[in-house]
Amino acid sequence: MDPVASAVRLEVQEAVHILSSSEDGGHIVSTLQSLRRYLGEMETQAPPGEQEEFSRTHFSTVLRCLVGKLSPDWLDLLPDGQLEELWASFFLEGPADQAFLVLMESIEGAASPSFRLMKMAQLLARFLSAGRMAAVMEGQCGQQAGPACRLLQETLLTRVVGLPDRLGNCLQRETLAAFFPQNYFPLLGEEVLRVLQAVVDSLRGGLDCSVSFLSQVLGKACVHGRQKEILGVLVPRLTVLTQGNCLWQRVCWRLVECVPDRAMEAVLKGLVEAAPGPEVLSRLLGNLVTKSKKAQFVMTRKLLFLQYSCSTPVLQSLLGYLAMDSQRRPLLVQALKELLETWGSSSAIRHVPLEQQCYVSKAVLICLAHLGEAELRACREELLASLMDGVKNRLDSSLPPVRRLGMTVAEVASARLHPEGPSLKFQYEEDELTREILALAAPWLAPDGPSEAGDDELVPYDMSGDKEQRNSKTPAYVRDCLEALTASEDWERWEAALQALEGLVLKSPAATREVSLELAKVLLHLEEKTAVAGFEGLRQRALVAVTVTDPARVAEYLAVQFYALNYSLRQRMDILDVLALAAQELSRPGRLRRAAQQGSPGPGSQPSVAAVPAWQAVVEERVRCKTRRFCKQGSAGWAAAAGPNEFNAVAGYFFFPLLQRFDRPVVTFDLLGDDQLVLGRLAHTLGALMYLAVNTVVAVPMGKALLEFVWALRFHGDAYVRRGLLSAISSVLLSVPAERLLADLPDELLEARSWLADVAEQDADEDCRLLAVKALLLLEKLRDRLLPLSSP
């Protein structure tokens, strides 16, 4: 064995034995001071060979021994914290990478909370504030290779970047401020700058260095979402350091080139957002996009087509970077061609969000601003063809913002691509987006701008009363609406069908009954395909009209679908709303007479005003206005309001299917589990249906079933559900005649009364208490007749 290694090993073994067993403070101090010779910190330093052997083989062992001895009693062996300061010096002055790993290992392995854990955390905070993290990273910048080195770097990388998360898990609420991500990552950025300065100094001295580990640290931090914190420190300083300094520029280029592919997108996006302009970005990246396929994909595809969160200045910085060098300009031309192709794609216009379409439009105009005349001439025909296709597709859109965007971009882009030819002119209202687009195109626009259309001396025509003209005619039959809503790709026809459906259903009840179930299914699954105003209201009113027209079949179908698979909670609540609204409409007095008046005129009806001569219509109107009538019209009005409750005959189809399966969970729906919001809505709907069935034949069995439903759920923990149950009891008391209640539901009423009394006094929810009191007041009318029933 090497005599140097043997001597160091024997001395370290003896020192570790003393530190582990001795309780003599003076002996411990002398042992620690003898070990400090190997750190090069004493006047009598150990020979370099022994220092290297100690650092490479024995330093971690000594540190773990010191961690194991850490306790209040051990530190108190010497007064005034002398032993603690000597103990801490080994971590703060020895090899930084080993000290850092032992610190992290001891913190993650310590019991929480404990004295040792907090002492090690405080020491790690001192380690960071003393700039030792720079020493950790600088030690990895030498030209090193081999599996052991790669394993060490991977271990260090995981702990350097993951320090806030790891310390947060260990320390929980006792986490020190230095370990907060918003504090740690700016400090890490400062340490990276210190290491880069050391790398630059080494290169100036003729030494080889590697920035690969720094690139991995930067990439992993950005992948963790900490671009703003670390790059917010790095970019301003590198902006100054790279100005006029070729060596610093090459170091920055190498720093980004060595970022792993999996982290390249996060780093480049952060740099593009943090750089103050294309000049700075060019100094930081160089010709990276021509060297790295991953970087080229990110800069020319991902940030331009697949993301659209970058601001306009950031987009200008990105495209300006591509334009600043002759090697990168071909990528700019190619990007413009693909941007225009995407901008004009009919599929993209239909499916891409409007925000992304605006983003692509801005990118097109910024590219046009950077291209020279020679470059434009080489691809003018191709660009103009894409532009014209896009204009046609956008003008065909049913969305006004899409059409306005097409007109604005077409005007300014055509002025750039074909300045000598006739310019495109459109009329549209300017908004914030169009003003921003015009500002981007300002370098090549005429002073008056292309959006100024029309002559000033002409008097504008009043178009305030004009309505948008549609290519598709409004459907005239219910079946036409059904076809348009299911199979049509003509969105204007689809929208017109939805808007006309309610009126056609009410006008043609016989035709509606032929396809009522199909209509109900289509409307229940209908999704908004265009920006039609009031879509949800149109769909709901149409579905209510179909239910009212064919109540027995449609109501039963909807109630069964309420418990079916593959429905969202929103659709299930829509079913409840439609059933309640349809029942309300069916129970409205005089509904049959009004429905008959909405239909086609009978043989004896008077001709319309449009069918008689104009002079005769004027005369009849004057006679009607000057004629006074007494009582006749009023009595007719009262007669029109009378009529049977049409809900009487179909109430069971609305009510009973909703109660059959409330306690049977399915894969996607559990009323007694997590879907308590729908359960509360169900209780309120059942109460409403009960109330609308007042004095009907089916009211008694409905009331009995509803009271059983309430009794099964009376102890439910959700206040909204309990409110629905209490409202349901009140509906039963209001809808069923008193004599029928006493004759058919005496036991149920007694049970309900005892529960209501408990709720009124003890329920935590104020609304529940109030509803219980109201129900008790309704029961009070029956008190004298209920008491004999309760006596033995």
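Figure 1. Buried is used here for a relative accessible area under 20%, exposed for one over 50%, and partly exposed for anything in between, with a 1.4 Å probe and protein chains only. The model is predicted, so that local features need pLDDT of at least 70 and side-chain atom pairs count only at pLDDT 80 or more, while totals for chains, interfaces and linings use all residues. Residues are numbered from 1 along each chain as its sequence is written, and side-chain values use heavy atoms, with hydrogens and water left out. Of the 792 residues in the protein chain, 48% are buried. Cys222 is buried because its relative accessibility is 1%, and Cys358 is also buried, at a relative accessible area of 11%. The structure holds zero disulfides, a disulfide being a pair of cysteine sulfur atoms within 2.5 Å.

Figure 2. The protein chain has 43 helices and zero strands, where helices (H or I, at least four residues) and strands (E, at least two) are DSSP runs numbered from the N terminus. Among contacts in the protein chain with a separation of 6 or more, 73% come from residues 24 or more positions apart, and contact means heavy atoms within 4.5 Å. The protein chain exposes about 39,900 Å², of which carbon and sulfur atoms supply 52%; accessible areas come from the Shrake-Rupley method with a 1.4 Å probe, and for residues only the protein chains shown count as cover.

**Figure 3. The nonpolar cores and the surroundings of Phe127.** A nonpolar core is a set of buried Ala, Val, Leu, Ile, Met, Phe, Trp, Tyr and Cys residues joined through side-chain atoms within 4.5 Å. The largest nonpolar core has 155 residues, and those with the most contacts inside it are Phe100, Leu124, Phe127 and Met299. A second, separate core of 93 residues includes Val532, Leu745, Leu756 and Val759. When neighbours within four places in sequence are left aside, Phe127 is in contact with Phe91, Leu92, Ala96, Ala99, Phe100, Leu103, Arg132, Met133 and Val136.

**Figure 4. Glu50, a buried acidic side chain without a salt bridge.** Glu50 belongs to helix α3, which covers residues 48-69. Although Glu50 is buried, it has no salt bridge, and the nearest side chain of opposite charge, that of Arg37, is 4.8 Å away. Here Lys and Arg count as positive and Asp and Glu as negative, whereas His and the chain ends are not counted, and a salt bridge is a side-chain nitrogen of Lys or Arg within 4 Å of a carboxyl oxygen of Asp or Glu. Apart from neighbours within four places in sequence, Glu50 is in contact with Val4, Val8 and Tyr38.

Figure 5. Across the whole structure, a search finds 36 salt bridges. In one of them, the side chains of Arg329 and Glu375 meet at 2.7 Å, N to O. This pair links distant parts of the chain, with Arg329 in helix α20 (residues 329-343) and Glu375 in helix α23 (residues 373-395), 46 residues apart. Arg329 counts as buried because its relative accessibility is 19%, whereas Glu375, at a relative accessible area of 22%, is partly exposed. Arg570 forms a salt bridge with Asp574, and their closest N and O atoms are 3.1 Å apart. Both residues of the Arg570 and Asp574 pair lie in helix α32 (residues 569-586), four residues apart, about one turn of the helix. Arg570 is partly exposed, with a relative accessible area of 43%, while Asp574 is buried at 9% relative accessibility. The side chains of Glu585 and Arg588 also meet in a salt bridge, at 3.3 Å, N to O. Salt bridges that share partners join Glu536, Arg539, Arg570, Asp574, Asp577 and Arg681 into one network.

Figure 6. Ser89 is placed in helix α5 (residues 82-93) and counts as buried, because its relative accessibility is 8%. The C-alpha atoms of Ser89 and Arg36 are separated by 9.0 Å, although the two residues are 53 residues apart along the chain. Not counting residues up to four places away in sequence, Ser89 touches Arg36 and Gly94. Gln172 lies in the loop between α10 (163-171) and α11 (181-204), where its phi is near 55°, a positive value in a residue other than glycine. At 53% relative accessibility, Gln172 is exposed.
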